[in-house]
Amino acid sequence: MIKKIYYILLLFAACTLHAQHPVYIQFSEKNDLPDIEFYSIIEDAKGFIWLAADKGFYRYDGNKFKIFTNKEKRGLSIFDPKEDSKGRVWCCNISGQFFYVENEELVTFIDLGKETQWQLGDFIVTETHLLVFSDKTIYKIALDTKQIEDRISLTDAYLGSPFVKGDQIYITAGDRIVALDKNLKITKQIASEAIYNDLVNVSQGRSIGISIEGKTYLKYKNAEFESLFFEFDINTGAYQEVNLPKELLSNQLIQIKYYKGEVFFSTSSGIWVFAYDDGKFTYKNRYFKDEFVSKLIIDKNENYWATTIGNGVFVIPNTNINDYNLPSDISQISSIEKINDHQFFFGTMTGKAGIYDVNQHTIEPVKLKGKGKVSSLVYNPKTSLIYISQSAQARILNLRTKKTVENDRFINARSLSLMQGDSIFYTNYRGAELVNGEESIFFPRKNLGRIRAYMGFYDAETKNSYVSYVDNLIRFDEKLQSKNIRFKEKPIHAVGIAKTDNGFIWVSTFKDGLFGIKNDRVVVHYNTENGLISNLTQKIQGDGNSLWIVTDKGIQFLNTETQTFQTLTKRDGINTYLINGIVPLKDNIIFSSVKGIFSIDRAKVFKNSKKPEIYFTGIQVNEKDTLIQEKISLPHSQNAIKISFNSNGFKSKQNMKYQSRLLGFNDSWIPVSEGANFVKYNSLPVGNYTFQVKGTSISSNKNSAIAAIKIAIKSPFWQKSWFIISAVLVSLLLIILYYKIILKKRDKQKNIELEKLAQERELVFLKLENLRSQMNPHFIFNALNSIQEFIILSKKNLASDYLGKFADLIRTYLNHSNKGEISLRDEINCLKMYLELEELRFEDKLVYSVDIDESINTKTLMIPTMLIQPYVENALKHGLLHRKENRVLTIVLKKSDTKNTIICEVTDNGVGRAKALELNQRKNKTQKPFSAKVIEDRLVLLNYGREKHIGISIEDLYDNKINASAGTKVIITIPMEKRNHKYTIHDKKI
């Protein structure tokens with residue numbers, strides 16, 4: 001025999017048509033369900049829905065379906081999902097393979113195909129073992145080793161399906177019921193020969209176990225596939241047959257489920273619901289009458305999930321919301337009006353009308369002339385008259401006589417309100433009017449004008465009328481005196497007006513939420529900040545001290561005394577929010593729309609939903625998926641993070657509002673965009689953060705616990721303290737070692753250089769002294785020659801004056817001879833003394849001048865001794881001496897405009913350098929003159945070791961008029977350097 005043959009049998013039975021049925025939602029290929037043939041379904045501890053189907057294994061998270069498979073699986077079909085104590089979800093296939101889902105992957109646990117002869121078997125997962133129940137053998141497989149530890153045979157006959165109750169496993173084995181513990185040790189055997197004899201014709205199929213109010217029941221099938229139902233005392237073995245409802249006798253029973261006093265039979269012809277008391281079944285309802293239902297579960301939020309063979313999955317979000325089975329030609333309801341506690345009048349978009357009896361579920365049609373839309377209705381219970389406004393006509397229906405009278409006063413009314421007597425009050429695009437029999441009374445034009453009116457409402461208690469115009473809300477008293485009702489000095493644009501028993505007038509608006517008015521003043525204002533799910537409110541209806549409110553996101557129930565809201569959304573089975581009529585009856589509230597009519601059981605419709613739970617569905621780092629962990633540590637270069645999250649449950653995406661924050665970055669809660677279930681950070685700086693997210697259920701207004709993930713963006717290693725400290729220490733060590741080596745080398749080199757420098761300095765000093773010795777004797781030689789010449793020529797006075805000045809000059813030179821540098825003023829004074837001597841020698845045929853820039857402080861400027869004198873001497877000796885008359889010598893000292901230097905220009909109008917050289921060569925060749933080479937060598941020695949050098953340039957002057965030499969100009973560039981607040985032209989004393 002093949003186990004669970006019902007999964008592939010398609011049997012259908014005729015069903016009785018009922019007038020109403022629960023609102024359901026179908027998952028099929030049209031809305032992304034990847035299969036249509038489903039064998040089983042479970043809800044796990046986290047709220048995931050798992051589906052075993054013909055084409056695979058699926059998980060639904062409230063938003064989408066995900067398939068789980070692996071390469072080792074033989075075939076597509078999956079059966080019997082179960083959750084173990086570790087939260088893993090198991091399943092099996094008809095080939096004897098067993099799997100579980102862990103870390104978002106389908107893992108193959110064991111392949112028992114050869115052991116079970118590739119037949120489907122029941123299984124149970126304990127904390128330590130997988131227990132597999134085949135037709136005649138029970139296998140015990142260790143979870144840690146995956147080894148078969150035991151094979152147990154209880155009977156030669158076929159085993160029934162295991163039924164777990166407490167810590168015991170009950171199973172039918174031939175003529176007895178065997179109780180086993182979780183280690184498969186027999187704890188009790190209930191001999192049932194009498195049962196077996198009674199069931200001798202029972203087929204070899206599996207039995208189904210169920211517990212109802214502490215009692216155990218087993219279902220069998222006989223040879224004709226008729227279902228038999230027995231109540232057992234598992235302690236004594238006593239039993240008795242329970243008569244199944246006749247509706248089930250010809251149906252194939254797939255599953256039996258007991259929930260809150262009701263027994264649900266999943267069959268080949270839908271789900272049958274019965275109350276069960278004292279061994280008797282009482283019919284209550286039937287769902288999906290044309291479907292082969294393979295499994296029913298009721299999730300933690302009391303959504304009813306039914307899997308079918310061949311038509312997908314059905315969900316009943318709320319069994320207390322029911323659709324009315326209206327004929328297709330009257331399904332587009334445009335207006336409804338209450339007649340009494342079990343009847344209401346309705347009109348359609350096509351001009352059809354009728355009376356619906358909610359007790360009998362019957363419709364009494366009312367014939368109207370014309371096919372115009374029924375736009376508004378109002379009923380007068382005193383006169384039994386119904387006022388019917390259509391787009392092109394208006395009629396008054398007498399319910400007693402069923403006759404109608406045409407009336408053209410309230411055509412195309414947006415609202416109708418009953419007033420005192422036979423008067424009615426209506427609004428339309430022309431304004432608002434009171435109609436009384438054959439007469440019409442218009443509101444005073446001086447207050448209103450004929451302005452487009454939306455809604456009207458008459459308060460019979462205060463005899464006030466309220467009219468919502470396109471630009472204002474106005475209250476009219478009994479004498480039609482008007483008063484504007486405003487909120488914070490702004491007009492109220494009402495789209496709905498209603499009253500509750502506590503005297504409040506309620507006004508709904510299209511963008512400002514809901515206003516509660518008393519004594520012409522807004523007393524309370526509700527919006528999304530204090531209870532409403534949307535500020536776009538629509539139809540409203542008073543119900544005692546409560547108020548029903550329709551918004552664009554759901555239907556809400558306001559208890560005006562406790563000021564609390566309850567909400568119904570599409571997740572709860574509301575199929576449309578385009579409600580055009582609300583009628584409170586005794587037990588139910590009737591809602592109408594162009595999609596038909598549905599009712600709500602006001603006492604049971606609001607479920608006690610569980611607190612939502614938030615979990616993380618994915619983490620992406622730099623747009624790549626990564627493992628979901630409680631703590632994430634990332635390098636600084638991977639700082640673009642996307643975190644996805646979800647709350648399980650039917651249509652959870654439509655029912656949750658999320659808020660998130662990133663502690664360490666921003667401590668404020670930020671709403672997540674509507675419809676989004678992720679948050680992305682494009683570039684997180686280095687630091688430690690905690691991402692937190694929480695959700696609020698729209699329908700229950702319950703908040704979830706905060707889900708959190710810690711995120712650490714690590715500094716680059718070169719910014720970490722250990723690296724910085726290590727780098728500093730290593731650098732210091734290297735520097736110390738380096739400098740030790742360098743210093744050692746430098747000390748050695750320094751000693752060598754000091755010895756060499758001492759030798760070089762001594763050499764330089766000797767060379768300079770030698771040059772001085774060459775220079776001074778040369779000058780003295782020239783001066784003595786001049787004196788000798790004066791004596792020979794008997795010029796005693798000149799010789800005496802010259803000798804005196806020569807002595808003064810020699811004394812000055814002797815004072816300067818041991819100095820490396822003197823002040824510019826001393827240098828000029830020596831030059832003047834020298835020039836005076838030369839002037840005597842030239843017998844007053846020499847004109848000289850010394851011009852000094854006033855900005856030059858000659859006292860503080862220091863220059864090398866006898867720096868200028870050799871060039872002046874050369875000018876006299878080689879240039880002016882050969883000129884017979886008009887000898888001119890000029891010395892100019894000035895500051896440079898662009899450089900921090902002193903320019904000294906020595907200019908003569910002598911014969912020029914070329915002529916002087918020629919004349920010198922004619923003289924005694926044995927005499928060695930004081931040459932320019934000596935001056936150049938001295939200059940080189942003066943510049944030795946200096947950063948800024950003394951510069952010399954010589955220009956030959958030329959007179960174009962006479963085509964001859966005009967003399968020579970020597971330019972001496974002397975750099976100035978500041979030392980100890982004095983300027984000097986050199987930086988070391990030689």
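Q: Buried means under 20% relative accessible area, exposed means over 50%, and partly exposed is in between (1.4 Å probe, protein chains only). Where does Lys402 fall, buried or exposed or in between?
A: Lys402 is partly exposed, as its relative accessible area is 45%.

Q: Before we go on, what kind of model is this?
A: It is a predicted model: local features need pLDDT of at least 70, side-chain atom pairs count only at pLDDT 80 or more, and totals for chains, interfaces and linings use all residues. Residues are numbered from 1 along each chain as its sequence is written, and side-chain values use heavy atoms, with hydrogens and water left out.

Q: OK, back to Lys402. Which residue does it form a salt bridge with?
A: Glu364, with the closest N and O atoms 3.4 Å apart. A salt bridge here is a side-chain nitrogen of Lys or Arg within 4 Å of a carboxyl oxygen of Asp or Glu.

Q: Where do the two partners sit?
A: Lys402 is in the loop between strand 37 (394-398) and strand 38 (403-406), and Glu364 is in strand 34 (residues 362-366). They are 38 residues apart, so the pair links distant parts of the chain. Glu364 is partly exposed, at 33% relative accessibility.

Q: How are helices and strands defined?
A: They are DSSP runs, numbered from the N terminus: helices are H or I with at least four residues, strands are E with at least two. The protein has 10 helices and 77 strands.

Q: How many salt bridges in total?
A: The count is 23. One of them joins Lys463 and Glu478, at 4.0 Å from N to O. Lys463 lies in the loop between strand 43 (453-459) and strand 44 (464-469), Glu478 in the loop between strand 45 (473-476) and strand 46 (482-484), so the pair ties together parts 15 residues apart in sequence.

Q: Glu478, buried or exposed?
A: Exposed, because its relative accessibility is 54%. Lys463 is partly exposed, at 28%.

Q: Which residues form a salt-bridge network?
A: Arg59, Lys66 and Glu104 are linked in one.

Q: New topic. What makes up the nonpolar surface patch around Val728?
A: Ile724, Ile725, Val728, Leu729, Leu732, Ile735, Ile736, Tyr738, Tyr739 and Leu743, covering about 950 Å². Patches are made of residues with over 30% relative accessible area and no salt bridge; like charges are joined within 9 Å, nonpolar side chains (Val, Leu, Ile, Met, Phe, Trp, Tyr) within 5 Å. Areas come from the Shrake-Rupley method with a 1.4 Å probe; for residues, only the protein chains shown count as cover.

Q: And where is Val728 itself?
A: In helix 5 (residues 721-792). Val728 counts as partly exposed, because its relative accessibility is 42%.

Q: Now sheets. What is the strand order in the open sheet of four strands?
A: The order is 2-29-28-27, with antiparallel pairing. Two strands pair if DSSP finds at least two bridges between them. Strand 2 (25-27) and strand 27 (293-298) are the edges, each pairing on one side only.

Q: Which residue in strand 29 stands opposite Ile25?
A: Val315. Strand 2 and strand 29 (residues 313-316) pair over three bridges.

Q: Last one: what share of the residues is buried?
A: 49% of the 990 residues.
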